Amino acid sequence: MHRLIEATFTRLRNTLFVGRAFTFAMLLTTLVLAAPASAQSRNYTSVSGTVVDPTGAVVPGATVEIHNPVSQFDKTATTDSSGSFTFENVPFNPYHLTVTRAGFASYVQDVNLNSPVPQNLKISLQLGTAVQTVTVESNAADLLENDPTFHTDIDKNIIDKLPLESASSSVSNLVTLSSPGIAADSNGLFHGIGDHAENSFSVDGQPITDQQSKVFSNQIPLDSIQSLEVISGAPPAEFGDKTSVVIQVTTRSGLGSNEPHGSVFASYGTFGTSNAGFDLAYGGAKVGNYISVSGLNSGRFLDPPEFTVLHDRGNEENVFDRVDFKLSNADTMQLNLGFTRSWFQTPNSFDGEFHPNDVNPITGGPLGPTDERSQIKTFNVAPSWTHLINANSLFTFGAFVRRDQFNYYPSANPFNDLIVNSSFDPVNQIGQVSIGQDRSLTNAGLRSDVNYTKGIHNIKVGVTYQQTFLNENDTLGIVDPNYLANDFGCPNGAAAPDPCAVLPAFDLTAGGSPFTFKGHTDIKELALYAQDAITKGNWQVNLGFRADFYNGFVTHKEPEPRVGIAYNIKRTNTIVRASYARLLETPFNENLIASSVGCANPVLSPLLGCSSLDLTPLRAGWRNEFHAGLEQAFGRYLVLSGEYITKYTHNAYDFSVLGDSPLTFPIGWARSKIPGYAGRVSVPNFHGFSALMVMSSVSARFFFPQVSGAGAVPAPTAVFRIDHDERFNQTTHLQYQIGKTGPWVGFNWRYDSGLVAGHVPFAAAGDTSINLSGFSADQQFQAAFSCSGVRATLASSLASCAPNQFTSTLVSIPAPGTENDDKNPPRIAPRHLFDVSLGDDNLFRGDKYKWSLQLTAINITNKEALYNFLSTFSGTHYVTPRTVTAQLGFHF
C-alpha cells in the first residue's frame with residue numbers, strides 16, 4: 001500500500017511543480033555557468049597588502065597583526081621580500097590591523113570585512129626615530145558592530161578554553177553555552193528561540209538543515225572549526241529553511257601556511273572516556289591542506305534516564321579534510337571532505353536493565369537487560385570554485401553531497417525489549433513493541449551566487465537547488481502478550497482494517513512475525529534570493545527578498561521579504577536596530593515518510609493513534625518574525641547587546657512517537673506564537689581577563705489542533721506550552737590568562753529555570769488525592785516524587801498522595817488547582833551547574849615545539865538534575881554528573 005501511496009504523491013508532485021521549477025532552475029544554472037567563473041558561497045575572505053616606506057620602496061620583515069577584541073580572533077604575519085602579506089580564511093567582522101617595523105612609526109587601520117570579495121591594502125609607513133612598539137587599545141566604538149542582524153561571534157581562542165560537557169556533541173554544547181536564545185536539551189539537542197531544533201548550519205557556505213543532535217546525525221568535529229557566527233536575529237535573505245538559529249561555520253585551512261604545523265592530543269576522564277587525535281595544516285601561498293582525525297570512546301555516550309549510568313557505552317571516529325588550491329590570483333578551489341561513524345547503546349533505565357515485573361512471555365523465565373543500539377555513518381563532500389571577476393565582484397559556485405546512514409538495532413532477544421510499566425514512557429525504552437530501523441538521508445545540491453561590493457552597497461544574488469533522498473525501512477513486532485487486549489480490546493471479531501484483525505499477525509508472543517515498512521521519497525527545494533547591505537553615514541540598511549519552492553509530500557511556494565535597519569549613535573556609543581523577516585519553514589526529514597503515509601497503513605495507523613486511514617502529509621509552514629534591539633558599549637571593556645523577538649508561525653513543527661517505540665517523527669500544529677528576549681554581555685581582554693554572559697527568556701506557545709503528520713486528530717482550539725519552553729536561562733563564562741601565552745583558567749556558570757515537563761501528576765481543583773499508580777517505581781524514583789517527605793524508591797513506589805503532601809526536588813509541580821497548560825504547566829526544577837577548565841598551552845616554554853595540559857571538570861558540585869521528564873520527544877534524561885578529564889597535547 002505504501003508504494004501505491006508514494007506513487008500517487010509522485011505523480012501529483014510532477015504534475016503540479018517539478019516541470020516548471022526544474023526547468024527554471026536549470027535555466028538559471030545555465031546562465032550562471034555561462035558567466036566568467038563560479039564558486040561556493042562562504043562567510044570568510046582574505047586580506048592581503050603591500051607595505052612600503054615613504055619613498056614607495058617595499059618594506060620586508062614588517063609585522064602585521066589583525067585582531068577583533070570581541071570575538072578574540074587574532075592573526076600575525078610577516079611581510080616577505082616584496083613587502084607583501086596575506087591573511088587567509090578571515091571571518092566577516094570589523095578588525096584592527098596594525099603594522100610595526102624597526103625604524104618606522106607604527107601603523108593602525110580599521111578593516112571591516114563583510115563580503116567574500118578579497119581586500120587588498122597598500123600601507124605606507126612613516127619613518128620613526130627609534131625602534132617602536134605599539135599596543136592597540138580598543139575604544140568603545142571598536143566594540144560595536146553596526147549590523148541589523150543580532151549575532152554572536154565565537155573564535156577558536158574562546159572555543160579552546162570553554163569547558164564543554166560532551167565530547168560527542170561538542171559543537172551543540174559550544175553553541176548552547178556561548179549564544180543567547182538557546183534552551184539546552186539532552187544528547188546535544190538545543191532549541192533556538194523557542195522552536196524545536198529549527199536550526200541550520202552553513203559550513204563554508206554549505207547549507208545543513210537536518211537535525212544535528214547525536215541521536216539523529218553526526219556533527220562536524222570541533223577540531224575542524226576556526227570560528228562560528230551564530231545568527232539569532234532575523235536572517236538575511238541568503239538563509240532559509242530552518243532559521244531560528246543559523247550557525248555559520250568557518251573551517252580551518254592550511255592555505256598560507258609557510259611550514260607544517262599541527263598537534264597531537266590524548267585525554268582520559270570519568271566513565272572511562274578517552275579521546276585521541278591529531279590535526280595538521282600545511283601548504284603555502286598556492287596550495288593548502290588541513291586534516292584532522294580523532295576518536296572517542298565513552299562509558300556515558302548519551303544522557304541516560306538515570307543518574308546512575310546503565311548500558312551507555314559508545315564510540316565515535318572523525319576524519320575531516322579541507323584542501324585549497326589557488327589556481328591564479330583570481331581563481332581558488334576548495335574541497336571539504338568529512339566522514340564520521342558513531343556507535344552507541346541506548347541507555348537503560350532500571351526497569352530496562354532489571355525488568356522487576358516482567359517475564360519472558362514464551363518461557364515464563366526472567367528477561368535479560370534491554371540491549372538497544374544505534375550506528376550512524378555520515379559522509380560529506382563539498383567542492384567549490386571562486387573567481388574574482390574584478391576588484392569589487394566575486395562569483396561563486398559549489399556542490400555538496402551529504403549522507404546520514406542511521407541503523408537502530410533491537411535486543412537480540414526481542415522480548416528483552418518488553419517493559420510492562422511503560423505507560424507514560426514511550427521513548428526511553430521500547431515497552432510493548434520491539435523495533436529496528438535502517439534509515440538513510442542523502443542531501444545533494446548546487447549553490448551559486450555573485451557578490452558585488454562598492455561604495456555604500458554590498459550586494460549578493462544567489463540560487464540554491466537541492467534534493468534530499470529519504471529511505472525508511474522499519475521492522476516491529478509486538479512483545480507484550482496483553483498489548484492487543486488492553487489497548488484495542490482484542491479479540492472483538494471485527495474485520496480488517498480493525499486493529500484486532502490486522503495486528504495479531506505481528507504479535508511475536510502468539511507466533512507472529514515482525515511487520516516491515518519500507519518507504520522512499522525525494523524532496524526537492526529551490527531558493528532564489530537577492531540582498532543588499534547599504535551603509536550610509538551612521539545608517540546600515542539591509543534589504544532582501546527570497547523565493548522558496550518546496551516540493552515534498554506537498555508543494556509550497558513562498559515569497560519572503562527581509563528588511564533590517566541599524567543606526568549608530570556615535571555620541572553615546574549606542575546602536576539601535578530593528579528587522580523583519582518572512583520565512584518558509586520546511587518539515588523535518590527524519591522519519592518524514594512514516595509520518596506522512598503511516599496513517600494510510602492499516603498496521604501503523606493504530607500504533608500511530610490515527611483517527612482514520614487518510615493520508616497526513618507534512619505541510620510546509622510560514623512565519624512572520626520581528627526583532628528590535630540595541631547594542632551599547634560602556635568604555636573600552638564592556639559591551640551589551642539585546643533583542644526582543646516575536647514570531648508567528650502557521651504549521652508549527654514538533655515531534656511525536658510511534659506507539660511505545662523509540663521511533664520519533666515530525667508533526668505540525670495549527671500555529672505557534674513565540675515572544676521573548678535574548679541578550680549578551682561581553683568583556684573583551686582586560687589585562688588577561690575576559691567574560692561573556694548570554695541569556696534569554698522565551699515563551700513557546702503552540703495552538704491546537706494538530707494539522708499534519710501521523711496521529712492528527714481534530715481537537716478544539718486551545719493553547720499549550722511545548723516541552724522546549726523555558727522562562728529563563730543564562731551562561732556566564734569567565735576567563736583569565738597570565739600574559740599572552742601563560743597558564744589560563746576558564747569558568748562556566750549555567751542556570752536553567754527548567755523546560756516544560758512531560759506527563760507529571762498534579763491535583764486539579766477539588767482533588768483530595770493524586771493517583772500515582774500509573775507510574776512505575778523507577779519512574780517515580782527518576783522524578784524524585786515524595787509524599788509527606790518520603791521519597792519513592794525502586795523497592796517502594798507511591799500509590800497515591802494528598803495534594804499538599806506531594807513534592808519533588810527534580811520537577812516543579814503546580815500547586816493544587818493551579819495547573820494550566822498555557823500559564824502554569826509542570827516544569828523541570830531549576831538548576832545551577834558549574835564547570836571549570838585549567839590549562840597551559842606551552843608547559844615548557846618552547847618555541848617551535850610545545851606541550852599543553854588541560855584539566856576540565858564538569859558539574860563540579862555533582863548536582864543531580866534533569867534535562868526533561870517523560871518528554872513526548874525525548875523521554876527522561878539526567879544532566880552529566882561530575883566528570884573530570886585531563887588532556888595532554890603536543891604542538892608543532
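Predicted model: local features only at pLDDT ≥ 70, side-chain atom pairs only at ≥ 80, totals over all residues.
Residues are numbered from 1 along each chain as its sequence is written, and side-chain values use heavy atoms, with hydrogens and water left out.

The protein has 9 helices and 47 strands (DSSP runs numbered from the N terminus; H or I of at least four residues for helices, E of at least two for strands). Its radius of gyration, taken over C-alpha atoms, is 28 Å, close to the 29 Å of the globule rule for 892 residues, so the protein is as compact as a globular protein of that length. That rule is 2.2 Å times the number of residues to the power 0.38. The C-alpha trace spans about 100 × 60 × 45 Å along its principal axes.

Of the 892 residues, 60% are buried (under 20% relative accessible area, 1.4 Å probe, protein chains only). As for contacts (heavy atoms within 4.5 Å), 70% of those between residues at least 6 apart in sequence join residues at least 24 apart.

Now for the strands, which pair if DSSP finds at least two bridges between them. E32 (residues 701–708) pairs antiparallel with E30 (residues 664–686) over 5 bridges, and Gln 706 in E32 is the bridge partner of Trp 669. E32 also runs antiparallel to E33 (residues 719–721), with 3 bridges joining them; here Arg 701 stands opposite Arg 721 in E33.

Terms used
Buried < 20%, exposed > 50% of the residue type's maximum accessible area, 1.4 Å probe, protein only.
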